[in-house]
Amino acid sequence: MNDAILLAVDGGLARLTLNRPARLNAFNADLAHAWRDATAEATSRSDVKVILLDAAGPAFCAGGDVIEMATSMGSGAEITALAEVINSGIRSLTESAVPVVAAAHGTTAGGGLGILLSTDYAVVGSRSRLGSLYANIGLTPDLSVSAQLARAVGQRRALQLVLQDRLLTADEAVEWGLVAEAVEGEDSAHEAEQVRARAEEIARFWLAGAAEAYGHAKRLVRSQPERTFAEQLSEEARSIGASMATPDAQARITAFAAASARRG
């Protein structure tokens, strides 16, 4: 792991922090490889039940580092190879049975939007702005933006975003269903703290509850497009049977039945 991304695990919570604040956490080769490795580790560790993704500095993620693209990554083949490295980390998050919450203060743009969409619950600040902006520099969407944006907000709204020079406000992002919540702060720095605090509150809620069941519920929803309707019904049936056999579910069902009997 290098310093471009930080990973800390404590009490079942893995915190992943994008850590290139001077470049608005834009992806270069160092961050791409660190992202791939950190997400793979976080989603494969048995002691990780929940993941919180946040970012250092004034912004969540500005996508790809255009300055480095222009100066040291001149060929399309290099860009494609680097995108595939980042894609590996995206798949680690989206294909796992670990719920992921994002604390996405400040700006999220370009490929950063794909990183945000790879989380399951996103909190932003009231000053946050979110958008595509690829065409501004003659590029096309990557890092899962074309794969996930329309699923999140619908095809027409996805097209509005990728075909305009537009950044959504926090309220618009909530209205569109792109993010779950927007929180306020006295200034940008305080707002970033509030975003992180709210995201951690959500992560702690998952941890205090049936974290494994939340994780598999996320897996069922995210993996659904890979199956027919009949196949999805079968996978739901298999999954609920498997969860029923867990000690956590047994304890919770017994407690629920006992509480119902007392009320009855």
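**Reading a helix crossing and aromatic pairs**

Modeller: Helices H5 and H6 are oblique to each other, a class left over once angles under 35 degrees (roughly parallel), over 145 (roughly antiparallel) and 65 to 115 (roughly perpendicular) are set aside. This is a predicted model, in which local features need pLDDT of at least 70, side-chain atom pairs count only at pLDDT 80 or more, and totals for chains, interfaces and linings use all residues. Residues are numbered from 1 along each chain as its sequence is written, and side-chain values use heavy atoms, without hydrogens and water.

Colleague: At roughly what angle do the axes of H5 and H6 cross?

Modeller: Axes are lines fitted to C-alpha atoms, for helices over the stretch in contact, with angles from 0 to 180 degrees between N-to-C directions. Those of H5 (residues 145-153) and H6 (residues 155-162) cross at roughly 125 degrees and come within 7 Å; helices are DSSP runs (H or I, at least four residues) numbered from the N terminus.

Colleague: Which residues of H5 and H6 make the contact?

Modeller: Contact means heavy atoms within 4.5 Å. H5 supplies Leu 149, Ala 150 and Val 153, while H6 supplies Gln 155, Arg 157, Ala 158, Leu 161 and Val 162.

Colleague: How is a pair of aromatic rings described?

Modeller: By the distance of the centres and the angle of the planes. Rings of Phe, Tyr and Trp (its six-membered ring) pair if their centres lie within 6.5 Å; planes under 30 degrees apart count as stacked, over 60 as edge-to-face and the rest as tilted. The whole structure holds two aromatic pairs. Phe 27 and Trp 35 are edge-to-face, 6.0 Å centre to centre with 90 degrees between the planes. Phe 205 and Tyr 214 are tilted, at 5.9 Å and 45 degrees.

Conventions. Helices (H or I, at least four residues) and strands (E, at least two) are DSSP runs, numbered from the N terminus.
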